Amino acid sequence: MKFNTRTIHGGQQDTDPAFGAVMTPIYQTSTYKQSSPGAHKGFQYSRTGNPTRAALERSFASIENGKYGLAFASGLAALDAVIKLLKSGDEIISTNDLYGGSYRLFTRIFEKMGIRFHFVSMEDADGIEQYINENTKMIWVETPTNPMMNIIDIAAMARIAKKHQLLLAV
């Protein structure tokens, strides 16, 4: 499939197995029938997974040519999961103009867990390399920034991250 088709049909089943819907319906249930405890058709409780979210995640993976995609209830939930890829002693270079929720999660939670953050201007991509050291594991980019609406050059950040073998989160 080409990109435009993948954005609609990528990663999807031919039809929904329950009733044959061409597109996955929105399942608004919290629990699913089990033939016995732990014996289910792939879903048991919506907090751990449901057909609608699974279809969305397969679609994300297809669009990005990836094996897996993940969907979260909020951006901060996604941020929390990504930062948990790191460990105490790791360092992150982040923009100094980022969403207040991101900043508070970084400074009030993850700094207490031993992750160090460098909040720097990212308007000049080459300027961030001075903050990279042996403990740097990630570059965190939010663009346009909030509240100043600065635009960060994602391609430049990707080149720097690749050059130094760092994770890049955008």
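Where is Ile8 placed?

Figure 1. Ile8 sits in helix H1. Helices (H or I, at least four residues) and strands (E, at least two) are DSSP runs, numbered from the N terminus. Ile8 is partly exposed, with a relative accessible area of 48%. Here, buried means under 20% relative accessible area, exposed over 50%, and partly exposed in between (1.4 Å probe, protein chains only). Together with Val22 and Met23, Ile8 makes a nonpolar surface patch of about 290 Å². Patches consist of residues with over 30% relative accessible area and no salt bridge; like charges are joined within 9 Å and nonpolar side chains (Val, Leu, Ile, Met, Phe, Trp, Tyr) within 5 Å. Accessible areas come from the Shrake-Rupley method with a 1.4 Å probe, and for residues only the protein chains shown count as cover.

The model is predicted, so local features need pLDDT of at least 70 and side-chain atom pairs count only at pLDDT 80 or more, while totals for chains, interfaces and linings use all residues. Residues are numbered from 1 along each chain as its sequence is written, and side-chain values use heavy atoms, with hydrogens and water left out.

**Figure 2. Confidence along the chain.** The pLDDT, which is the predictor's confidence in each residue from 0 to 100, averages 92 over the chain. A score of at least 70 is reached by 100% of the residues. Among the elements, helix H1 (residues 3-9) has the lowest mean pLDDT, 85. Strand E3 (residues 136-140) has the highest, 98.

Figure 3. A nonpolar core is a set of buried Ala, Val, Leu, Ile, Met, Phe, Trp, Tyr and Cys residues joined through side-chain atoms within 4.5 Å. The largest one has 14 residues. Those with the most contacts inside it are Ile93, Met122, Ile128, Ile139, Val141, Met157 and Ile160. Helix H5 (residues 154-163) supplies the largest share of this core, four residues. Leaving out residues up to four places away in sequence, Met157 touches Met122, Ala125, Ile128, Ile139, Val141, Ile152 and Leu168; contact means heavy atoms within 4.5 Å. Another core, of 13 residues, lies apart from it and has Leu86, Met138, Trp140 and Ala169 among its members. In soluble globular proteins, nonpolar side chains tend to be buried together.

**Figure 4. The buried residues of helix H4.** Helix H4 covers residues 100-110. Its buried residues are Gly101, Ser102, Leu105, Phe106, Thr107 and Phe110. The elements that cover them include helix H3 (75-83), strand E1 (91-95), E2 and E3.

**Figure 5. Salt bridges.** The structure holds four salt bridges, each a side-chain nitrogen of Lys or Arg within 4 Å of a carboxyl oxygen of Asp or Glu. One of them pairs Lys84 with Asp80, with 2.7 Å between the closest N and O atoms. Lys84 counts as exposed at 52% relative accessibility. Lys87 bridges to Asp90, with the closest N and O atoms 3.4 Å apart. In this pair, Lys87 is exposed, at 54% relative accessibility, whereas Asp90 is buried, at 5%.

**Figure 6. A salt bridge between distant parts of the chain.** The side chains of Glu129 and Lys163 meet at 3.2 Å, N to O. Glu129 is in the loop between strand E2 (116-120) and E3, Lys163 is in helix H5, and the two are 34 residues apart. Glu129 is partly exposed, with a relative accessible area of 23%, and Lys163 is exposed, at 60% relative accessibility.

Figure 7. Most residues other than glycine have a negative phi, and most peptide bonds are trans. Thr143 and Pro144 are joined by a cis peptide bond, with omega about -5 degrees. The bond from Asn146 to Pro147 is also cis, with omega near 25 degrees. Pro144 is in the loop between E3 and H5, and Pro147 lies in the loop between E3 and H5 too. Met149, likewise in the loop between E3 and H5, has a positive phi near 60 degrees and is exposed, at 55% relative accessibility. Gln165, in the loop between H5 and strand E4 (167-169), has a positive phi of about 55 degrees although it is not a glycine. Gln165 is exposed at 74% relative accessibility.
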